[in-house]
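Hi,

Here is the structure I promised to pass on. Have a look at it first, and my notes on what turned up follow below.

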Amino acid sequence: MSKEPFIPKERETIQKVWQVGNTVNWATSWKETLFSLLDDIPASYRPYIASISIDGTSATTLIIDSKTGELLSGPFLYNESFPDALPTVTSIAPENHTVCSGSSTLCKLVSWWSSNNSDQDPALLMHQSDWLLWLLHGKFGVSDYNNALKVGYDPETDSYPSWLLSQPFSYMLPSVKAPGTPVGSVKEDITLQYGFPKDCAVCTGTTDSIAAFLAARATQPGKAVTSLGSTLAIKLLSTTRVDDARFGVYSHRLDDEWLVGGASNTGGAVLRQLFTDEQLEELSKEIDPSVPSPLDYYPLPKKGERFPVSDPDMMPRLHPRPERDVEYLHGIFESIARIEAEGYKLLKELGATEVEEVFTAGGGAKNQQWMKIRERVLGLPVSKAWQTEAAFGAALLALKGACLLDSRSV
């Protein structure tokens with residue numbers, strides 16, 4: 001990006017989702033959103049845009065034709081589980097590896113491969129942000145080591161392990177670079193359409209929770225970021241790497257340290273099923289966050305949990321519902337906070353650096369009552385992150401890429 005990262009403002013059209021019958025056309029929706037965001041950049045800024053990066057949801061996977069770009073299958077969303085592939089994946093991967101979860105990228109790849117009996121040379125795996133970035137730079141098969149973690153990439157050795165490369169579908173795996181690495185310039189047609197400079201670089205991206213962590217500027221071990229979006233994702237900066245698929249725990253590389261964490265299916269998606277935005281705002285004002293709620297729920301939008309319990313058959317628990325909506329919301333807030341606390345407790349038990357302070361990102365960071373409930377339940381300082389939007393973290397990666405290019409030209 002330019003010297004000051006620019007993040008286009010959201011607008012109503014960004015929220016629309018394309019549907020064909022009862023099926024959501026996610027890929028079309030993402031593509032339309034991307035180009036709407038580019039269109040949001042003021043024309044006066046566009047000649048000065050030096051680089052672009054994108055964050056996307058971890059383990060959201062597409063299979064494309066690497067010759068034509070045609071979508072062969074998917075997208076398979078981050079929380080979709082493929083238990084049919086799990087026996088194969090657990091038989092080839094090390095015990096309790098990150099990929100040994102039905103919702104991992106590798107399970108999605110193996111399930112597709114098995115159902116298609118595929119030997120299609122043009123087939124290629126891409127993650128959500130890989131695919132969106134490809135629309136801008138036009139180079140197939142480039143990913144980053146954060147997105148590639150759940151397909152089996154080893155960020156410690158900076159390579160795919162031999163057990164993965166020996167599989168017949170390994171040719172579908174993308175090449176991997178560090179997040180924020182320049183891949184190529186924006187395609188000429190896009191440059192002409194939007195008025196970007198010819199040398200505007202497109203850089204590898206990252207996952208949304210990693211981008212949220214980068215945006216929060218939590219730089220010391222023991223500092224953590226909880227992203228309260230549609231789901232609840234926690235990331236803790238640790239000097240020790242921790243991976244255990246039994247609990248949905250995995251570690252992302254962050255330079256020479258590790259971001260240890262996991263993502264629960266609880267979060268804002270549940271709240272939106274039960275309340276409007278206006279109700280959430282008004283009811284929250286009536287909650288006394290210093291008083292514990294006696295209600296014990298496990299709020300999930302549908303069957304299945306990933307972390308701190310990995311159980312694809314776990315059912316939501318949202319009853320009994322009290323007569324007063326404010327009591328119901330209070331109980332849900334408190335229950336989500338307990339899941340968050342269990343997550344940080346589990347990370348410590350597995351050997352990660354103990355959490356000392358939690359920053360909050362995502363839409364939930366705006367709710368002060370929820371923040372105070374979480375602070376009481378966690379027993380830790382909890383505050384709003386310096387920047388709460390993951391998009392700011394992606395902009396910082398773009399800035400990193402621009403700086404890399406500047407240093408090479410010196």
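The largest cavity has a volume of about 160 Å³. A word on the ground rules: this is a predicted model, in which local features need pLDDT of at least 70 and side-chain atom pairs count only at pLDDT 80 or more, while totals for chains, interfaces and linings use all residues. Residues are numbered from 1 along each chain as its sequence is written, and side-chain values use heavy atoms, with hydrogens and water left out.

For the cavity search, a 1 Å grid was laid over the protein atoms alone; a cavity is a set of points where a 1.4 Å probe fits but cannot get out, and lining residues have an atom within 4 Å of a point. Grid points are joined across faces, edges and corners, and a volume is the space filled by probe spheres set on the points.

Back to the largest cavity: 15 residues line it, and Ser101, Ser103, Lys150, Gly248 and Tyr250 lie nearest its centre. By class, the lining splits into seven nonpolar, six polar and two charged residues (Ala, Val, Leu, Ile, Met, Phe, Trp, Tyr, Cys and Pro count as nonpolar, Asp, Glu, Lys and Arg as charged, and the others, Gly among them, as polar). Domain 1 (19–208 + 393–407) and domain 2 (218–385) each give at least three residues to the lining of the largest cavity; the domain bounds come from an automatic or database domain assignment.

The structure holds two cavities of 30 Å³ or more. The second largest cavity has a volume of about 30 Å³, and its lining consists of Asp130, Leu133, His137, Val142, Ser143, Asp144, Thr204 and Gly205. Helices (H or I, at least four residues) and strands (E, at least two) are DSSP runs, numbered from the N terminus. The lining of the second largest cavity has two nonpolar, four polar and two charged residues.

**A pocket between the domains**

The second largest pocket has a volume of about 410 Å³; a pocket here is an open set of grid points with protein on both sides within 12 Å along at least five of seven lines. It has 19 lining residues, and Leu214, Leu254, Asp255, Leu397 and Lys400 are the closest to its centre. The elements giving two or more residues to this lining are α7 (208–216), β15 (250–254) and α12 (390–409), with the largest share, four residues, coming from α12. The pocket lining divides into 10 nonpolar, three polar and six charged residues. Where does this pocket lie relative to domain 1 and domain 2? Both domains give residues to its lining, so the second largest pocket lies between them.

**Contacts and backbone**

Searching the whole structure gives 17 salt bridges (a side-chain nitrogen of Lys or Arg within 4 Å of a carboxyl oxygen of Asp or Glu). One of them links the side chains of glutamate 156 and arginine 241, at 2.9 Å from N to O. Glutamate 156 is in the loop between β8 (142–144) and α5 (162–165), and arginine 241 is in the loop between β14 (232–238) and β15, so the pair ties together parts that are 85 residues apart in sequence.

Aspartate 158 is also found in the loop between β8 and α5, and has a positive phi of about 55 degrees although it is not a glycine.

Watch for the cis peptide bonds when you set things up. One joins glycine 74 and proline 75, with omega about 0 degrees; proline 75 lies in strand β6 (residues 71–76). Another joins phenylalanine 307 and proline 308, again with omega about 0 degrees, and proline 308 sits in the loop between α9 (277–285) and α10 (325–349).

Three strands form an open sheet of mixed pairing, in the order β3-β11-β10 (two strands pair if DSSP finds at least two bridges between them). β3 (51–52) and β10 (182–185) are the edge strands, each pairing on one side only. β10 and β11 (residues 201–203) run antiparallel and are joined by three bridges, and serine 185 has alanine 201 as its bridge partner in β11.

Cheers
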